[in-house]
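Trainee: I have a model open and want to learn how to read it. Can we take it feature by feature?

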Amino acid sequence: MKGHVDLLLLATLRRGPLHGYGIVEALRSASAGAFDLAEGTVYPALYRLEAAGLLSSSWTKAKGRRRRVYELTNRGRGELARERDEWQAFAHAVEAVVT
Amino acid sequence: MIELYLEALDRELVGVGIPVRLRRRILAEAEDHLRADDGALERFGRPAEIANEFAAELGARASRRAAVGAFAALGLAGAVYAVSFVGAAFAGHPPPDTWPLLAQLALVTVVIAPQVSFVAGSLALLRVLRTRGLVLPSAELTVINRRTGVALLFGIVTMAALGVLALELRNDSAGWWVALTLVGVAIAIPLLVLAALPAAVAARLRPRVAGDPGDMFDDLGFGRTDPWRFAGLVAIGLGLVVFLVAAVQGDPFDGAVNGTAEALACLAGFAALGRYLSLRR
């Protein structure tokens, strides 16, 4: 999973802004629990993607606590499309071999 | 429990060198996450593991950016150096053996220091261009950071020595050369200091990621040989170039002396900094 974290995070955020916990929940739910990672390890990747200009983030308030919400930038959308195409080509190739 | 966890995470983040502002943000986000449901604390991961992930992810990027920024600043300093060096031929300096001691020391410095800076900066950039991973081994980050730091330090020393030389020779040289050199140095030194700030931040990040630092043969990408033999060949080559240039200008004796000094300085630099900069293992 480590090698696909960027694609998974970008894809999770394509439907709209989410905070860290929301991203982990969405990831777990979409994968039917298959991606059950140490949740804190998502944040370093989010910071890196933000530093690379693929995500932007801002503080909001929720339940009296400060909450950082992440969303895709235009560059992030482009990167998501590129990585998804690459992944689909790879997945099709693997499928053609193993089935 | 959450408070204890956040204290432990804070300690670990300090331990791996995460800057204070970023640390506050990480802790605020972690607290929001941990209070979202009762099981979040168990699923979040060990504080040491999380802190190390941050340092590893941020460290590679920080070291790369610092090396590229340093090389750009050193490029400008190199332009100042080249303009001053070429201009010196037309500035009407008296012969160097009549210069005051401080000017002679500055002259030796402006000959040796930029070579150390160029080699260290180029090797830092080569290492950055060669490595593609999102996360780099700690030893490799140390190599990049050391090379960047040495390149900037010797770049600043070069510019300072050039300034000293211009001031020491101000009464015996063309005014335009003195002014040109001092203005160039006054621009280049602050830029180099600015480039040193991200390098200092990068050097503070200390992730624990296993891996080999490599040596200069990994950077240069050609056949591995005994590093001392390679350094000897480079030193002889440099010495020959210095000798030939002087010989063409009609001063072979001076060229032989300077060429020998250049070769010895090259070997001395390799002995002093070779291991520190991972030129040799």
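Trainee: Let me begin with one residue. In which helix is B:Leu238 found?

Mentor: This is a predicted model, so keep that in mind throughout. B:Leu238 sits in helix 9 of chain B, which covers residues 227-248.

Trainee: Is B:Leu238 buried, partly exposed or exposed?

Mentor: Check the relative accessibility. B:Leu238 has 32% relative accessibility, so it counts as partly exposed.

Trainee: What is B:Leu238 in contact with, leaving aside neighbours within four places in sequence?

Mentor: B:Glu262 and B:Cys266 are its contacts on that basis. For a sense of distance, take B:Gln249, 11 residues apart from B:Leu238 along the chain. Their C-alpha atoms are separated by 17 Å.

Trainee: Now A:His19. Is A:His19 buried or exposed?

Mentor: The cut-off for buried is under 20%. A:His19 has a relative accessible area of 15%, so it is buried. A:His19 belongs to strand 1 of chain A.

Trainee: Which residues does A:His19 touch, not counting those up to four places away in sequence?

Mentor: In chain A, it touches A:Arg67, A:Arg68 and A:Val69. From chain B, B:Asp32 touches A:His19.

Trainee: On to helix pairs. How are two packed helices described?

Mentor: By the angle between their axes and the distance between the axes. Start with helix 1 (residues 5-12) and helix 4 (residues 74-98), both of chain A. Their packing angle is about 125°, and the axes are 9 Å apart. Helix 1 of chain A is therefore oblique to helix 4 of chain A. The crossing of these two helices is left-handed.

Trainee: Which residues of helix 1 of chain A meet helix 4 of chain A?

Mentor: Helix 1 of chain A brings A:Asp6, A:Leu7, A:Leu10 and A:Ala11. Among their partners in helix 4 of chain A are A:Leu80, A:Glu83 and A:Trp87. By class, this contact has 5 nonpolar, 1 polar and 4 charged residues.

Trainee: What about a pair across chains? At what angle do helix 3 of chain A and helix 2 of chain B pack?

Mentor: About 130°, with axes 12 Å apart. Helix 3 of chain A is thus oblique to helix 2 of chain B. This crossing is right-handed. A:Tyr43, A:Tyr47 and A:Glu50 meet B:Leu22, B:Arg25, B:Ile26, B:Glu29 and B:His33. The classes here are 4 nonpolar, 1 polar and 3 charged.

Trainee: Back to chain A. Which residues of helix 2 of chain A are buried?

Mentor: A:Gly20, A:Tyr21, A:Gly22, A:Ile23, A:Val24, A:Leu27 and A:Arg28. These buried residues pack against elements of both chains, including helix 1 and helix 3 of chain A and helix 2 of chain B. Look just after helix 2 of chain A, too: A:Ala32 takes a positive phi of about 50°.

Trainee: What does B:Ile18 touch, not counting residues up to four places away in sequence?

Mentor: Its contacts include B:Leu13, B:Ile26, B:Phe54, B:Leu58 and B:Leu205. B:Arg23 is also one of them.

Definitions and conventions
Residues numbered from 1 in each chain as written. Chains lettered and ligands numbered in written order. Predicted model: local features only at pLDDT ≥ 70, side-chain atom pairs only at ≥ 80, totals over all residues. Heavy atoms only, no water. Axes fitted to C-alpha atoms, helices over the stretch in contact; angles between N-to-C directions. Helix = DSSP H or I, 4+ residues; strand = E, 2+ residues; numbered from the N terminus. Parallel < 35°, antiparallel > 145°, perpendicular 65-115°, else oblique. Left-handed = near helix turned anticlockwise from the far one by under 90°. Contact = heavy atoms within 4.5 Å. Nonpolar A, V, L, I, M, F, W, Y, C, P; charged D, E, K, R; others polar. Buried < 20%, exposed > 50% of the residue type's maximum accessible area, 1.4 Å probe, protein only.
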